[in-house]
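Welcome! Take a moment to look over the sequence and the model, and then let us walk through them together.

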Amino acid sequence: MKILAICGTGLGSSFMLEMNVQQILAELGISGIEVDHCDLSSATPDSADLFIAAKDIATGMGHLGEVIVIDSIIDMDGLRAKLQEVLQQKGLL
């Protein structure tokens, strides 16, 4: 499985999201999931199984597939809750 963190430019925000997702996966004891980041214009439906982005750009991501929309890139609790829910639905947690 691959998770792609998305932001407008593919630099700071998406990289911070990538690191946060990696930290949460480690805390949950989940391995074998690739996590990366990129900008919205470079993301394609086949570039990941799951996409994560803040709500300010998520409206332009419907064509990609399954998207976790977060309120804030620094809200670890919110990200953790949404990520756990998706991982449970996929049978990975």
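This is a predicted model: local features need pLDDT of at least 70, side-chain atom pairs count only at pLDDT 80 or more; totals for chains, interfaces and linings use all residues.

Residues are numbered from 1 along each chain as its sequence is written, and side-chain values use heavy atoms, leaving out hydrogens and water.

Side chains of opposite charge can pair when their charged atoms come close. Such a pair is called a salt bridge here if a side-chain nitrogen of Lys or Arg is within 4 Å of a carboxyl oxygen of Asp or Glu. The structure holds 5 of these salt bridges. In one of them, Glu-27 meets Arg-80, with 2.9 Å between the closest N and O atoms. This pair links distant parts of the chain, 53 residues apart: Glu-27 sits in helix 1 (residues 12-28) and Arg-80 in helix 3 (residues 76-89). Helices (H or I, at least four residues) and strands (E, at least two) are DSSP runs, numbered from the N terminus.

Arg-80 also forms a salt bridge with Asp-77, at 3.1 Å from N to O. Both residues lie in helix 3, 3 residues apart, or about one turn of the helix. Asp-77 is exposed, with a relative accessible area of 58%. Together, Glu-27, Asp-77 and Arg-80 are linked in a network of salt bridges.

Now find Lys-90, whose salt bridge with Glu-66 brings the closest N and O atoms to 2.8 Å. Lys-90 lies in the segment after helix 3 and Glu-66 in the loop between helix 2 (55-58) and strand 4 (67-70), so this pair ties together parts that are 24 residues apart in sequence. Lys-90 is partly exposed at 38% relative accessibility, and Glu-66 is partly exposed at 31%.

An open sheet is formed by 4 strands in the order 2-1-3-4, with parallel pairing (two strands pair if DSSP finds at least two bridges between them). Strand 2 (34-39) and strand 4 are the edge strands, each pairing on one side only. Strand 1 (residues 2-7) pairs with strand 3 (residues 50-54) over 3 bridges in the parallel sense, and Phe-51 in strand 3 is the bridge partner of Leu-4.

Key. Buried means under 20% relative accessible area, exposed over 50%, partly exposed in between (1.4 Å probe, protein chains only).
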